[in-house]
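The sequence and structure come before the comments.

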Amino acid sequence: MDEKRLAGESAALLVRDGMVVGLGTGSTVAWTIRAIGRMVAEGLDILAVPTSYQSEALAIECGIPLTTLSQNPVLDLAIDGVDQIDIRMNAIKGGGAAHTREKVVSIAARRFVVVADGSKRVEVLNRPVPVEVLPFAAMVVERELVRIGGYPVVRQARMKDGPVITDNGNFVMDVSFGEIRDPATLAQEISQIPGVVDHGIFTKIDELHIAHNGTVEVIRRNDL
């Protein structure tokens, strides 16, 4: 928890007056949102675009003024968490089933920053990849994911019978591929399957704030 807080609050310091900021989803970026809320209470003038109902509710609770991509299609900065990130700044996201909106917000931003605790960094990505799928196409998508080497499982809800439903009204499949040594190629293969809305492989991260042993390391893609 301390490392999540350190990383999240470190990225909040990037926010400046007049910015429009994308707010991601998850336990680490929740610390970012709380820190930004305190800055707003002290006079910071920003607008924010949340990526999920969860982050929207927290932003409202923290007093952060909200806007939409329709009103502000270009963001100055987006901050989000990751489920896993490799040494080349490729990541897997979507544990909270918000990865489609998170990816849209990340692409809308001039600068995309992720926050993580030290346990999230690995040599090679190996977590299951969340894939958001149109319910109508679920069986076809499942077949095609198997064809490209995946083992898909429809994510089930914990407090209700049946599958998890995203904020967009779709299913999520968690797809195991083993070690992912070429994330960009796999991302392209998944995206080409009709019925896939989006997937949780992120390859366009500009900056990582990662906490370990009580300190935050900032890694920029241009420095790799």
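The numbered points below concern the salt bridges.

1. This is a predicted model, in which local features need pLDDT of at least 70 and side-chain atom pairs count only at pLDDT 80 or more, whereas totals for chains, interfaces and linings use all residues. Residues are numbered from 1 along each chain as its sequence is written, and side-chain values use heavy atoms, with hydrogens and water left out.

2. The structure holds 15 salt bridges (a side-chain nitrogen of Lys or Arg within 4 Å of a carboxyl oxygen of Asp or Glu). One of them pairs Asp 117 with Lys 4, with 3.6 Å between the closest N and O atoms. Asp 117 lies in strand S6 (residues 112-117) and Lys 4 in helix H1 (residues 2-12), 113 residues apart. Helices (H or I, at least four residues) and strands (E, at least two) are DSSP runs, numbered from the N terminus. Both Asp 117 and Lys 4 are buried (under 20% relative accessible area; exposed is over 50%, partly exposed in between; 1.4 Å probe, protein chains only).

3. A salt bridge also joins Asp 198 to Lys 103, at 3.2 Å from N to O. This pair links distant parts of the chain, namely strand S11 (residues 196-199) for Asp 198 and helix H4 (residues 99-108) for Lys 103. Both Asp 198 and Lys 103 are buried.

4. Arg 111 and Glu 207 form a salt bridge of 2.8 Å, N to O. Arg 111 sits in the loop between H4 and S6, and Glu 207 in strand S13 (residues 207-212), 96 residues apart. Arg 111 is partly exposed, at 29% relative accessible area, whereas Glu 207 is buried, at 2%.
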